[in-house]
Every structure is written in C-alpha cells, then in structure tokens.
Amino acid sequence: MTPTEYEYLRKFLKDNSGLDLSADKQYLIESRLLPLARKAGLSGIAELVQKLQGGARQLITDVVEAMTTNETFFFRDKVPFDHFREHIMPEIIKARAAKRSVRIWCAAGSTGQEPYSLAMCLKEMGAALTGWRVEIIATDLSQEVLEKAKAGVYSQFEVQRGLPIQMLVKYFKQTGETWQINPELRAMIQHRQLNLLHDFAQLGTFDVIFCRNVLIYFDQDTKINIFNRLARQIEPDGFLVLGAAETVVGLTDTFRPIPERRGLYKPNDPRAAAAKPALGGAAPRLAAMAGR
Amino acid sequence: MKTCLVVDDSSVVRKIARRILEGLEFEVTEAEDGSKALEICQRQLPDAVLLDWNMPVMDGFEFMGHMRRLPGGDQPKVVFCTTENNVAHIAQALSGGANEYIMKPFDKDIIADKFAEVGLLPVGQAMV
C-alpha cells in the first residue's frame, strides 16, 4: 500500500464512519481490506482505492463495515462482567425493587458475544430476577454483524474463547460443528442497527450501558459528543461500562469513574451537567455524515 | 513455575502444546498414554494436566479417575483436549472431575483462555 493510498483510506474512514486511525495502522487495513478486495474480484488495495474514489456505493458500505468490526469473544476482559454481577445488578435489584424492570444497552453489540454474556449472567442470578422485566438492546453499525448476532450461531473456535465449558453445555445447542445459543437467551435480546454518530434518543433511557472498545476509534470531539448524548439516555443512578483502554476522564464531566472499579462510571448529577453549555465541535461533522 | 503434564499419543500435538505452554511459563512434562501419565503423577502431581481422551493402553478418562484418587489428586486442574467434541463427552468429563474442556483443533488463545478460566493464569494474560 502506498502512503497516498493509506492517507486516502484514513480520511475516507474518518469521513464515513468516524474511525480515527493513527499513522501506523497499515497492517490493520491490509488484514481487513485485502480479503474484501479479493472477494469483490479486485487485484488489491490499489484497485479498491480506485473503486472507492469512483464512488462504488456497496463497496463503501463494505469497507466501513470491515474496518469497524472488532474481534470479540464471550466475557471479554472478564472484569466488566464481574462488575455487572457483583456491583451493578445488586444495586439495580435494590433500586428497582418496586418497578422490577431493568433496561440494558450494548452500544457496540457486534456479533452478539457481549449481549449474550450479559444474558447468561442474568440467567445465573436465577431467583433474584424472578418476575422482572429484562430488556437487552444490542446495537451495531453493521447489518451483517447484526444478522450473526441474531442467529446466535458460533463456530467451535468462537465458543472456546472466554466461555466457561459449563456455560457452553448449559446455554448452547450443538448442531454439527456449530453451537447455537438457546432460544430463551436469544429472546432476551433485541438487535438494532445503529450508528453511534447518529441520534439515538429514540432508544429511550437505560439502567446500564455497555459501550466498550468502540469509542477508541473516534476522535476526541466525536467521543465527547457521544458521551454527552449517552448521558441523556442513562438513568441518574445508572451505570456506564467502558473498555479497558477507554475513559471519560479529561473529556467530559457528565460521568465520573467509580473508584476501584476499572471501566465503570456513573452519571454526574444531570442538573449540574445540564447547566453547562454543550461542548461544540462535533455537530458539523455529524451533519456531514448523516447522509451515509 | 507452575507445572503442566501434557498427555497425548500424538508427538506432534505434544510438541505444539509444549511450545504454547512454555510460552505461558509452564514447566512441561509429557506422557504418551494414560498409564505413563499415571506413573508420573504417582511420583509427583503437576499443577495442570492437558489431557487427550483416546489413547492406547489407558485413555484419558480412565487416567483422570485413577489420578483423582491419588493422595492430593483432587488438586491438579484437568483440561481435556480432544477431538471428542459432543455434549455427551463433555458432560461425562465434567462429572468425572475435569475442570475445563478444549475441543481440537486448538491454538494459543484457546489454551490461554481455558487455563485462565480455571485459575492457572491471570486473566490479563489470556487477552494478549
């Protein structure tokens, strides 16, 4: 890949998805886009770039999807799920004892491993949630990824990443070489296509938002804008969970970190947050991207 | 350094497993069937056993039964690693005292994940 091609793809991805690649991510582009180029009958990255410059619409969508899809596995990083079991849910169960309902949003649900991991955690809580209304909304940018999440079918390789064997036996059904998550768990999750750059107010408010390993790809203004909009969709006593390499610190005061709980945040008092003027900068970019 | 006994009748599989486990800082010993593995365990129990199922002389399931009855034999973490990839075999292994189960083929990520699962590795190491 020539430096010119790399620069073109960097700018193209930033304009079309908000993805903000640093100068040294050639390997990432090659590993994701070479297979895609070959599948489309192209000779390589150079020809792919030509087609993109020519405005090939399907290819534009495919490139954005290929670059924004993350590796994921069940109970990825473990710690957030410990937070969920030991801290988040016990507090919610207390706070919502009268209402008996909990709404959870996986904002980068990808191929379903994260929402299904949460569903398994909730199932394991058993009687504590009897009679509760549990809603898990899993969103992702990519339609292809959502279809996979909906089907809940995983390869033997995928079910061996992060998933304890007892849970595999308990919550999956084997069909030949693949494993499908039980209908009961599939029914706990609604899958929706969503670009975090676009308005998501229509999703309503949530008690818990998992937004892991997606904001790292965005530039600072976009991150701030998304945090501020996430803050409007979270209950005042709700929880935000970010990825291990992500933080709100230095970006926004709409959330505050919970001490000793890495990656876990609570919204600050909304009145205090509302009194501050909205942080600008990202709005024109959003408008420019709305046509995607 | 933690110790792991790799039990498999294929020398190729043992070699691959050894390379992965040494990379995860285990001291590795090898046995080519359940009977030889049991002799090793009678001398000294390892921290972990990576265990094939189908082997000549004594299979992995029978070996596990004998090993679990040795003094201190409840301590080693047993991770099956076999081409037997159906629920019936998995359930049999778990009820027979296995801690985890790997369906072949495997790679470094799967071994690291499964060993972290049973507490033989810190979680962070499995994420690399």
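How does the radius of gyration of chain A, with 292 residues, agree with that of a compact globule? A compact globule with 292 residues would have a radius of gyration near 19 Å, and chain A has 20 Å, which agrees; the radius of gyration is taken over C-alpha atoms, and the globule rule is 2.2 Å times the number of residues to the power 0.38.

This is a predicted model, in which local features need pLDDT of at least 70, side-chain atom pairs count only at pLDDT 80 or more, and totals for chains, interfaces and linings use all residues. Residues are numbered from 1 along each chain as its sequence is written, while chains are lettered from A and ligands numbered from 1 in the order in which they are written.

**Figure 1. Chain A as a whole.** Chain A has 12 helices and 10 strands; helices (H or I, at least four residues) and strands (E, at least two) are DSSP runs, numbered from the N terminus. Its C-alpha trace spans about 60 × 55 × 30 Å along the principal axes. Of the 292 residues of chain A, 38% count as buried. A residue is buried if 20 or more other C-beta atoms lie within 10 Å of its own, exposed if 12 or fewer, and partly exposed in between, with C-beta atoms placed from the backbone. Among contacts in chain A between residues at least 6 apart in sequence, 72% join residues at least 24 apart; two residues are in contact if their C-beta atoms, placed from the backbone, lie within 7 Å.

**Figure 2. Helix 6 of chain A.** Helix 6 comprises residues 113–124 of chain A. At 1.5 Å a residue its 12 residues should span 16 Å, and the end C-alpha atoms are 16 Å apart, which agrees; the expected span is 1.5 Å times one less than the number of residues. The helix is mostly covered, as 9 of its 12 residues are buried. Among them are Pro115(A), Tyr116(A), Leu118(A), Met120(A) and Leu122(A). Just after helix 6 of chain A, Gly126(A) takes a positive phi of about 55°.

**Figure 3. Chain B as a whole.** Chain B contains 5 helices and 5 strands, and from the N terminus on its elements run β-α-β-α-β-α-β-α-β-α. The radius of gyration of chain B is 13 Å, close to the 14 Å that the globule rule gives for 128 residues, so chain B is as compact as a globular protein of that length. Buried residues make up 41% of the 128 residues in chain B. UniProt lists residues 3–119 of chain B, in an unreviewed entry, for "domain: Response regulatory". UniProt positions are given in the numbering used here, feature names are shortened, and annotations may be inferred rather than shown by experiment. Over residues 3–119 the chain is 44% helix and 21% strand, with the end C-alpha atoms 14 Å apart.

Figure 4. The unreviewed UniProt entry lists Asp52(B) for "modified residue: 4-aspartylphosphate". Asp52(B) is placed in the loop between strand 3 (48–51) and helix 3 (60–68) of chain B. Asp52(B) is buried, because 27 other C-beta atoms lie within 10 Å. Leaving aside neighbours within four places in sequence, Asp52(B) is in contact with Val7(B), Asp8(B), Asp9(B), Gly60(B), Cys81(B) and Thr82(B).

**Figure 5. Helix 1 of chain B.** In this helix, Ala17(B), Ile20(B) and Leu21(B) are buried. They cover an arc of only 95° around the axis, which puts them on the same side of helix 1 of chain B; the arc is that of the directions from the helix axis to the C-beta atoms. The face turned away from the buried side carries the exposed residues Ser11(B), Val12(B), Arg19(B), Glu22(B) and Gly23(B). What covers the buried residues includes strand 1 (2–7), strand 2 (26–31), strand 3 and helix 5 of chain B. Just after helix 1 of chain B, Glu25(B) takes a positive phi of about 70°.

**Figure 6. Contact of chain B with chain A.** The contact takes 16 residues from chain B and 11 residues from chain A. On the side of chain B that touches chain A, helix 4 (87–95), strand 5 (100–103) and helix 5 (108–117) each supply at least two residues. The residues of that side of chain B divide into 10 nonpolar, 2 polar and 4 charged; Ala, Val, Leu, Ile, Met, Phe, Trp, Tyr, Cys and Pro count as nonpolar, Asp, Glu, Lys and Arg as charged, and the others, Gly among them, as polar. Tyr101(B) is found in strand 5 of chain B and counts as buried, with 26 C-beta neighbours inside 10 Å. Not counting residues up to four places away in sequence, Tyr101(B) touches Ile165(A), Phe80(B), Ile90(B) and Ala93(B).
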